[in-house]
Amino acid sequence: TGQENGDLRKIELNPTDSNTSISDKPWEDPLFFIEGQLCQHLREIFQDSQGNLWFGTNNYDIMRYDGKVLKYFSEIDGVDNGRITGIVEDALGNVWFGTSKGLCKWDGKSFTSYTTKDGLLNDEIWSLLIDRNGLLWVGTNTGLSKFDGSNFTTVPIPKAKVENAKTIYSPDRITGIAEDKDGNLWIGTDGFGVCKYDGKDFRNFTIKNGLCDNTISELMVDSKSNVWIGTFWGGVSKYDGKTFTNFTKDGLIEGVEVGAFFEDQNEDIWFAAENNGVYRYDGKSFINFTEEQGLITNGVLSIFRDKESRFWFGGWGGLFRFNGKSFVSVSKDGPWAK
């Protein structure tokens with residue numbers, strides 16, 4: 001599946017390019033190569049408090065656009081982290097990256113890595129969240145870790161009783177973490193549904209409770225406190241605190257593997273369905289964006305609108321901009337401007 005597959009080869013960039021810090025020419029995966037693209041598999045987009053745009057890739061480490069220069073960070077800069085699966089910023093302005101080789105922090109000058117040697121439960125990270133109290137929650141391949149800035153604590157997650165669980169990667173993998181307005185954590189699992197944690201007790205939700213599928217890809221809590229749940233085999237569910245609405249099973253959208261949730265300034269909900277483009281939901285109906293609007297990828301993994309109102313879409317094939325009507329592929333030269 002698109003969420004889990006690692007890249008086939010590792011990128012290396014031209015040593016004569018002053019805006020990069022990796023050597024040699026990039027490998028080109030013929031399945032996803034688009035001429036001039038920043039990378040072939042882009043899965044995370046984030047803007048920090050300084051206005052820098054950060055891009056996390058599937059196997060090409062980290063990119064940053066500071067408004068003038070696009071820079072690639074790699075092992076020369078102290079980064080050798082492969083797949084980037086989460087980007088968040090703490091109250092001090094540190095930018096944290098969940099990676100396939102541990103937790104990584106950028107303090108504005110350099111990178112610091114945290115691994116199992118520092119107490120992290122597992123180095124392969126799949127989800128990341130900083131809660132309202134500043135605690136960093138790290139969803140790994142073997143469970144959930146909590147980091148207070150000094151120490152990691154493992155938080156055991158009780159498994160729901162699921163018959164014939166369709167685990168994709170690991171039965172203990174934490175695939176998504178979201179926080180609601182009451183401070184509850186919603187935790188996605190690999191084959192065992194969703195778990196709600198109020199700091200003391202856990203409550204599991206599965207197909208038996210109305211969820212569309214037990215194998216979770218991503219979670220988001222919207223401004224109305226609805227929990228949006230993307231799955232691998234059942235599409236998308238919305239939980240309003242009482243009942244589940246299953247849009248895919250109800251026939252309102254197509255596509256069973258759903259993720260990349262984003263809520264825009266109009267409170268419209270955006271998400272991607274692999275091989276079926278991107279959907280926008282205004283609370284009443286869905287609009288589907290596909291190749292007809294210039295979206296030349298079948299797998300969008302991240303959606304983000306920045307402070308300058310630029311709308312970014314990342315996935316298989318690289319980075320794309322959306323102007324409200326159509327999509328355009330983004331090269332090193334942009335389009336970056338508003």
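Predicted model: local features only at pLDDT ≥ 70, side-chain atom pairs only at ≥ 80, totals over all residues.
Residues are numbered from 1 along each chain as its sequence is written, and side-chain values use heavy atoms, without hydrogens and water. Local features need pLDDT of at least 70 and side-chain atom pairs count only at pLDDT 80 or more, whereas totals for chains, interfaces and linings use all residues.

The protein chain contains zero helices and 28 strands. Helices (H or I, at least four residues) and strands (E, at least two) are DSSP runs, numbered from the N terminus. Of its 338 residues, 56% count as buried. Buried means under 20% relative accessible area, exposed over 50%, and partly exposed in between (1.4 Å probe, protein chains only). The accessible surface of the chain comes to about 15,000 Å², and 45% of it belongs to carbon and sulfur atoms. These areas come from the Shrake-Rupley method with a 1.4 Å probe; for residues, only the protein chains shown count as cover.

Strand E5 spans residues 84–89. Six of its six residues are buried, so E5 is largely enclosed by the rest of the structure. E5 pairs with strand E6 (residues 95–99) in the antiparallel sense, over five bridges. Pairing requires at least two DSSP bridges between two strands. Ile 84 stands opposite Thr 99 in E6. Five residues lie between the strands of this hairpin, where Gly 93 takes a positive phi near 90°.

Val 328 lies in strand E28 (residues 327–329). Val 328 is partly exposed, at a relative accessible area of 38%. Beyond its neighbours within four places in sequence, Val 328 is in contact (heavy atoms within 4.5 Å) with Leu 319, Phe 320, Arg 321 and Pro 335.
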